[in-house]
Amino acid sequence: MADAGDVYVSWRWVDDTSARGVAMLPRDDVRAVLRRLADAVPDPGRPDELRRVMTEGALVDAAAENLLAQALSRALLPYGLAVQLYELSQRGIRPHLRIQPSPRLAQVPWEIIAPDPAIRLLDIADVSLLAPVSVVRAPDRIVRRWHETRDLPVVAVLDPRVPGFRADSELGSVLGRPSADSVVTQHFSAYSDRVVPAVSEPLELFRRTDLDRGWLSRTLRAGASRLIYVGHVTAPAPESGESEHARMHLACTAETRGFAAPTRSHRPLSAKDLLLGTHTLDPAPLPGRDLWPMPSRVALIACESGGDLRFTEALGLTTAALSAGAELVTATRWPLPTDHAFHTITATTDHPLQAAIRAVDTAHESADAVKSLLDWQQTRLTAWKTTPTPENSPLLWSAFATVTD
């Protein structure tokens, strides 16, 4: 897809099993439906935005969500492609649709768009996002493939303590006070013998103070099958044009060297760090891919962790992970509501975010991570249709997308 006022789309089928196609999506139609989508998802720049979208946004109202899904399909799914997908579904064939969205369309939850009121795209196709060609075809990129590394340790950075920020502050705890019987504790305890950092009790995986960039570098260089990060990401606005300033918040102190400016007593790890390493910082610099060689599969479960696809030049955290060797990255399209937000705003007693973390981590351990995650999203869609409560709404689970090389 390419933005040029109107949006221009081309598609082809691997091995030319079906006819190729091209289409033009009219500018006004695209603008109108994107305004509706933007109004339905959290905007970190607006005060009290999360409460609004969790109580009156289109993604938490079943009728409004279905109308939005239909509008997204009408505006963004080319008619010729829709016909081909329908014909395949009638023959019992489920294709894998790999989408390379233009920056304006990077937040579109393609999985839930509705070619028909009763049919969603994930009902008839597997869906993933394509990384920029400039990244996956870079001559110095070394990809770590799952079938070769799957038995290596899993690196888990789970809600690390950010120096200078209390648990209830803006960069405080994402998961809340850990407990032995919580969803995520039980999940990671089931295979804690493979998890790094090594712990004697599963609770010790959470809210650690030693998970800084130095530790992450040493751990990744020792070899890993997967990396799962649950925490905070802060991303610049797309109009800034500075996707490389997306920041991951580890336990790094302000004295740590890096490209991001310190915040209180903390220096975030930026996408620029992951890309450039110590370029201009050391007399004998190391590139980011050598300092933080990414494993085959990376999960970035944090607010707008996949936001770099909204930039004309995607140089954010998702792109940096792919550039450093990952073959797939699961990230989020918009800010995520925490379980605390669900409890205080919607009064649910469930833990939807913890359930999502478990689902993403389980998908990344499976043979087909894309399909496994989509299977979970389909169960959430079924729950949403039968019990349209906020904790079942696509506001949380359709934020996740997997970018592949």
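This is a predicted model: local features need pLDDT of at least 70, side-chain atom pairs count only at pLDDT 80 or more; totals for chains, interfaces and linings use all residues.
1. Strand 6 runs parallel to strand 7 (residues 195-196), and 2 bridges join them. Val154 has Val195 as its bridge partner in strand 7. Together with helix 8 (residues 183-189), strands 6 and 7 make a right-handed β-α-β unit.

2. Strand 8 (residues 226-230) also runs parallel to strand 6, and the two are joined by 5 bridges. Here the bridge partner of Val154 is Arg226.

3. The largest pocket has a volume of about 1200 Å³. Its lining has 44 residues, and Ser169, Glu170, Ser173, His232 and Thr338 are the closest to its centre. Helix 2 (49-56), strand 9 (233-234), helix 13 (339-346) and helix 14 (352-365) each give two or more residues to this lining. Helix 13 provides the largest share, 5 residues. By type, the lining of the largest pocket has 20 nonpolar, 12 polar and 12 charged residues.

4. The second largest pocket holds about 960 Å³ of space. It is lined by 30 residues, with Trp11, Arg12, Val14, Arg98 and Leu130 nearest its centre. Two or more lining residues come from each of strand 2 (6-11), helix 4 (79-90), strand 4 (96-99) and helix 6 (133-136). The largest share, 4 residues, belongs to strand 4. The lining of the second largest pocket divides into 20 nonpolar, 5 polar and 5 charged residues.

Notes. Residues are numbered from 1 along each chain as its sequence is written. Side-chain values use heavy atoms; hydrogens and water are left out. Two strands pair if DSSP finds at least two bridges between them. A crossover is right-handed if, with the strands pointing away from the viewer, the path from the first strand over the helix to the second runs clockwise. On a 1 Å grid over the protein atoms alone, a cavity is a set of points where a 1.4 Å probe fits but cannot get out, and a pocket is an open set with protein on both sides within 12 Å along at least five of seven lines; lining residues have an atom within 4 Å of a point. Grid points are joined across faces, edges and corners, and a volume is the space filled by probe spheres set on the points. Ala, Val, Leu, Ile, Met, Phe, Trp, Tyr, Cys and Pro count as nonpolar, Asp, Glu, Lys and Arg as charged, and the others, Gly among them, as polar.
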